[in-house]
Amino acid sequence: MISAGAHGTSDPLDGVLAPGESGAGFTYRFGPISPYRGSDRNNDLMMQFRYDSRYFYLQSDRIGLKLDTEQVRYELFLKRRLEGFSSDHVPESMEGLGQRSSGDDLGVAIRYRLGAGAVYGEAMRNVSDESDGSEVRLGYRYEGWWSGRFRWRPYATLAWRDSKLNNYYYGTPDHQPGSGLNLELGALATFRMGEGWQALGGFGLTRWAGGVADSPVVDHGTQPFAMLGVMWGFKPEQASEWDRRPLILRVGYGGSSDCDLMPIVTLQCTSVNTQDDTSIIQVDVGQVLLRRLNGWPVDLQGFIGFVKHEERGLQEDFWQVQGYFKPVWYPGPWLNDRLRMRLGFGAGISYASRIPFTEQRDQALRNRDTSKLLFYLDPTIDLSVGNLLGVRALRETFAGIGVSHRSGIFGSSRLFNSVDGGSNYIYGFVETNF
């Protein structure tokens, strides 16, 4: 059952999953992605990764701390602002005016249950030195319309934006929009297709403040959209991450590869350090979220990973962090009983504090932009050390190889700065429980 109790913010998808549920899926948005005149973006793919625990949550574009009571929810969050454009997708109206980049906002939020819906408010400020602007949002979402497996959720939001924010994204030397109030109206529909699965659909529009609507770089003051998607949700076996024991620790080391992901996975290309000597040290900490998913020989794991990039003097070394879900399949029975072979395929998001040198080099050769935030994949294969050596105490220790892959999903996602490209590192690892 879907519950409104998970709502805390103006994100229309908040509450699609029940409190304490996590999930994955995607949404595809149609219509003008930005209000810029001459923009070539009319659709956007958003990978949806959502993890929700008692005091912490992680979404594709947002991470935060929360405190829930029966009536009120409070949040402290960091959120990606999906405005602006990449350097290789410049709208005609913005040519020669400089790039307007996506940014990161730090904010606080509150939700108050009111009747069959919720009132929500957010206050946020840019903290990544793009606009230094601020925004305050106040809205209401109605939750009371049900019909069997179908649910209908209309909402309305007022968004006040200060002059720094509007001037950065939509200002020109001859026109400064100044502060103003936007109105957003929309509705989200969900249809439960089966255990954990939901189809999503929605539509809405944004009416921009007069100063933005009058800007010569803005096409229309009213920006409509439609959305379709799919979401799969699940309830972890324990109610809190603190209850799940043991933890999983993976430590790995590897080198950069010029091979694409599929040739690596199919063993058609496995070379490393052919153009540069950059490498990674990877440490992942995770937990088993579900065992024997749907009765199959598959466990679902969740990881937070930390990667040290060793750039060998090409630039300063730096850190990368990623969060991802990982189904792990135990093929068998012979491989499972004798070797305990596992095949894993992690998927999530990755944030690098610097752009890896290999990504900078390859993207510059193609005249394409880069992004610190990218889609993350982690395909692996490993064997039980204990089974190989006949040492029962090491049965839950595994050794294997994997690929640390960052990608912009072929330029289809605004969340990843519309990047078409990425990087691969082939690495060896040891994994154990503690």
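# Reading a predicted model, feature by feature

Modeller: Start with S418, which is buried at 7% relative accessibility. Buried means under 20% relative accessible area, exposed means over 50%, and partly exposed lies in between, with a 1.4 Å probe and protein chains only.

Colleague: What kind of model is this, and how are its residues numbered?

Modeller: This is a predicted model, with residues numbered from 1 along each chain as its sequence is written. Local features need pLDDT of at least 70, side-chain atom pairs count only at pLDDT 80 or more, totals for chains, interfaces and linings use all residues, and side-chain values use heavy atoms, leaving out hydrogens and water.

Colleague: What is pLDDT, and what is its average here?

Modeller: pLDDT is the predictor's confidence in each residue, from 0 to 100. The protein averages 92, and 95% of the residues score at least 70.

Colleague: Which elements have the lowest and the highest mean pLDDT?

Modeller: Elements come from DSSP runs: helices (H or I, at least four residues) and strands (E, at least two), numbered from the N terminus. Helix 4, residues 334–339, has the lowest mean, 68. Helix 1, residues 163–170, has the highest, 98.

Colleague: Where does pLDDT stay under 50?

Modeller: Look at residues 1–7. The model gives them 31 contacts (heavy atoms within 4.5 Å) beyond four places in sequence. Where confidence is low, the predicted coordinates should not be read in detail.

Colleague: Back to S418. Where is S418 found, and what is its phi?

Modeller: First the general idea. Most residues other than glycine have a negative phi. Now the case: phi of S418 is near 55°, a positive value. S418 is in the loop between strand 20 (398–407) and strand 21 (422–433).

Colleague: What about D129: buried or exposed?

Modeller: D129 is exposed, at 64% relative accessible area. D129 also has a positive phi, about 65°, although it is not a glycine. Its place is the loop between strand 7 and strand 8 (134–142).

Colleague: How do I read strand pairing?

Modeller: Two strands pair if DSSP finds at least two bridges between them. Take strand 5 (residues 72–81) and strand 6 (residues 103–114): they pair in the antiparallel sense over 10 bridges. R73 stands opposite R111 in strand 6.

Colleague: How many bridges join strand 6 and strand 7?

Modeller: Strand 6 and strand 7 (residues 117–126) pair over 10 bridges, in the antiparallel sense. R113 has A118 in strand 7 as its bridge partner. The hairpin of these strands has 2 residues between them, and G115 there takes a positive phi near 65°.

Colleague: What is a disulfide, and how many are counted here?

Modeller: A disulfide is a covalent bond between the sulfur atoms of two cysteines. The rule used is a pair of cysteine sulfur atoms within 2.5 Å. The count is 1 disulfide. C259 and C269 form it, with sulfur atoms 1.8 Å apart.

Colleague: What parts does that pair tie together?

Modeller: C259 lies in the loop between strand 14 (248–257) and helix 3 (261–265), and C269 in the loop between helix 3 and strand 15 (279–290), so the pair ties together parts 10 residues apart in sequence. The torsion about the S-S bond is about -55°, so the disulfide is left-handed. C259 is buried at 4% relative accessible area, whereas C269 is partly exposed at 24%.

Colleague: How do I read a salt bridge, and how many are there?

Modeller: Look for a side-chain nitrogen of Lys or Arg within 4 Å of a carboxyl oxygen of Asp or Glu. The count is 37 salt bridges. One of them joins R50 and D11, with the closest N and O atoms 2.7 Å apart. That pair links distant parts of the chain: R50 in strand 2 (residues 43–52) and D11 in the segment before strand 1 (22–30), 39 residues apart. R50 is buried at 9%, and D11 is buried at 18%.

Colleague: Which residue forms a salt bridge with E184?

Modeller: R137, with the closest N and O atoms 3.0 Å apart. E184 is in strand 11 (residues 180–194) and R137 in strand 8, 47 residues apart. Both E184 and R137 are buried.

Colleague: What about K66: buried or exposed?

Modeller: K66 is buried, at 9% relative accessibility. K66 forms a salt bridge with D68, the closest N and O atoms being 3.1 Å apart. D68 is partly exposed at 32%.
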